[in-house]
Amino acid sequence: MSVRVSLFVLLVPFVLLGVTKICDAGLLSKNFYKKSCSQAENLVRDITWSKAQTDSTLGAKLLRVHYHDCFVKGCDASILLDTVGTNQSEKDARPNLSLLGFEIIDDIKSQIEKVCPGVVSCADILALAARDSVSFPFKKPMWDVLTGRRDGRISLASDANGNLPSPFSDFNTLKQLFARKNLTVNDLVALSGAHTIGVAHCGAFSRRLFNFTGKGDTDPSINATYAESLKKQCPNPANPATTVEMDPQSSLSFDTQYFTTLNQNKGLFQSDAALLTDRVSATIVKQLQVPKDFFSEFGKSMKKMGAMEVLTGNAGEIRKNCRIVN
């Protein structure tokens, strides 16, 4: 792919340039388009699955776009907006430069517009496509996606700063960031499980290998054999084009291998290893090695994340083109 690095709220309305931003997940519902565009969810699934047949990395790509959308200004598809003029959009923020899969969302949107013009939001399409792309190998939905989101009209690169989880974060930084989004430590660990699919660029972890404390040393918490393997793949200085599997030998499989390797001190990022530095999160890491527990908890956490700061009702708009406001 090149799905790189990470992911992965006050429940009151607040006013943003005269538009009420709704933060109540209860306003989303199952089958929101049942009457207005009954074929919407099946269309998203069918198109996504057809793309996934020829791109085994699609799940990692779209899941990461969805994460990066929701953590900045909520799940309002602001990540999909292109830069206009001199004000850079979220898409051009440094952590988002390696995001991939936007053309898939464009394709789904254009096909849905042909049958239900002006009805289905880009935010809902992204949430559904992320779920469906990960679900393709299982041939069933791996978690429920509530719908009814509307699309935001504002996208600023500057908003990404401080809102996206960093691969360099320690546990307390991650815990505080997730708490600001009304997400718990359980959500933090479960959502980190998305690192079971995808790859990362060397620059996201090379400091752990070559200069962890600024003295040319290696992070002592990383498995020594794994560290040597990574050094061979990513010699210093790092080649910006080189990528490494986030979940060794299992980066195309949505499974619990991430938690198993993490318990062997083979987490790729500092933010992965950080999950073992807290007693509560380390216990959850062990529990989520059980597939049924991981799939269940991941689904619950995705439902919570997918409802963060959503626009509903008359807020926002339904974009005709996901890349530009109406």
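# Reading disulfides, folds and backbone exceptions

Me: Which cysteine does C37 join in a disulfide, and what is the S to S distance?

Reply: C37 is joined to C116 by a disulfide, with 2.1 Å from S to S. Keep in mind that this is a predicted model. The general idea is a distance test: two cysteine sulfur atoms within 2.5 Å count as a disulfide. Applied to this structure, the rule gives four disulfides.

Me: Where in the chain do C37 and C116 lie?

Reply: They link distant parts of the chain. C37 is in the loop between β2 (19-21) and α1 (40-52), and C116 is in the loop between α3 (102-115) and α4 (122-135), 79 residues apart. Both cysteines, C37 and C116, are buried.

Me: Is the link of C37 and C116 left-handed or right-handed?

Reply: Handedness is read here with the angle about the S-S bond. For C37 and C116 that angle is 85°, and the link is right-handed.

Me: What is the angle about the S-S bond for C122 and C322?

Reply: C122 and C322 form a disulfide with an S to S distance of 2.1 Å. The angle about their S-S bond is -95°, which goes with a left-handed link. C122 and C322 are both buried.

Me: Which parts of the chain does the pair C202 and C234 tie together?

Reply: The S to S distance in the disulfide of C202 and C234 is 2.0 Å. The link is left-handed, with -65° about the S-S bond. C202 lies in the loop between β3 (199-201) and α7 (206-210), while C234 lies in the loop between α8 (224-233) and β4 (243-245), so the pair ties together parts 32 residues apart in sequence. Both C202 and C234 are buried.

Me: What is the pairing when the bonded cysteines are numbered in sequence order?

Reply: The pattern is written by numbering the bonded cysteines along the chain and listing the partners. For this protein chain the pairing reads 1-4, 2-3, 5-8, 6-7.

Me: How many helices and strands does the protein chain have?

Reply: There are 12 helices and four strands in the protein chain. Its radius of gyration is 19 Å, close to the 20 Å that the globule rule gives for 326 residues, so the chain is as compact as a globular protein of that length. Along the principal axes, the C-alpha atoms fill a box of roughly 55 × 40 × 35 Å.

Me: What percentage of the residues is buried?

Reply: A residue counts as buried when its relative accessible area is under 20%. Buried residues account for 53% of the 326 in this chain. The accessible surface comes to about 14200 Å², and 53% of that surface belongs to carbon and sulfur atoms.

Me: How far apart are the mean positions of the positive and negative charges?

Reply: The protein chain has 38 positive and 32 negative charges, and their mean positions are 2 Å apart.

Me: How far does helix α2 reach from its first C-alpha to its last?

Reply: An α-helix has 3.6 residues a turn, so residues three or four places apart point the same way. Helix α2 (residues 58-70) has 13 residues and spans 18 Å between its first and last C-alpha, close to the 18 Å expected at 1.5 Å a residue. In α2, 13 of the 13 residues are buried, so this helix is largely enclosed by the rest of the structure.

Me: Which residues are joined by a cis peptide bond?

Reply: N236 and P237 are joined by a cis peptide bond, with omega about 0°. P237 sits in the loop between α8 and β4.

Me: Is A77, which has a positive phi, buried or exposed?

Reply: A77 has a phi of about 60°, although it is not a glycine. It lies in the loop between α2 and α3. With a relative accessible area of 0%, A77 is buried.

Me: Where is Q249 found?

Reply: Q249 is in the loop between β4 and α9 (257-262). Q249 also has a positive phi, about 65°, and is not a glycine. Its relative accessibility is 74%, and Q249 counts as exposed.

Me: How far apart are S169 and S271 in sequence and in space?

Reply: Separation in sequence and separation in space are read side by side. S169 and S271 are 102 residues apart in sequence, with 5.1 Å in space from C-alpha to C-alpha. S169 is found in the loop between α4 and α5 (171-180), and at 10% relative accessibility S169 counts as buried.

How values were computed. Residues numbered from 1 in each chain as written. Predicted model: local features only at pLDDT ≥ 70, side-chain atom pairs only at ≥ 80, totals over all residues. Heavy atoms only, no water. Helix = DSSP H or I, 4+ residues; strand = E, 2+ residues; numbered from the N terminus. Buried < 20%, exposed > 50% of the residue type's maximum accessible area, 1.4 Å probe, protein only. Expected span 1.5 Å × (residues − 1). Rg over C-alpha atoms; globule rule 2.2 N^0.38 Å. Areas by Shrake-Rupley, 256 points an atom, 1.4 Å probe, with all protein chains shown as cover. Lys, Arg positive; Asp, Glu negative; His and termini not counted. Charge placed at Lys NZ, Arg CZ, Asp CG, Glu CD.
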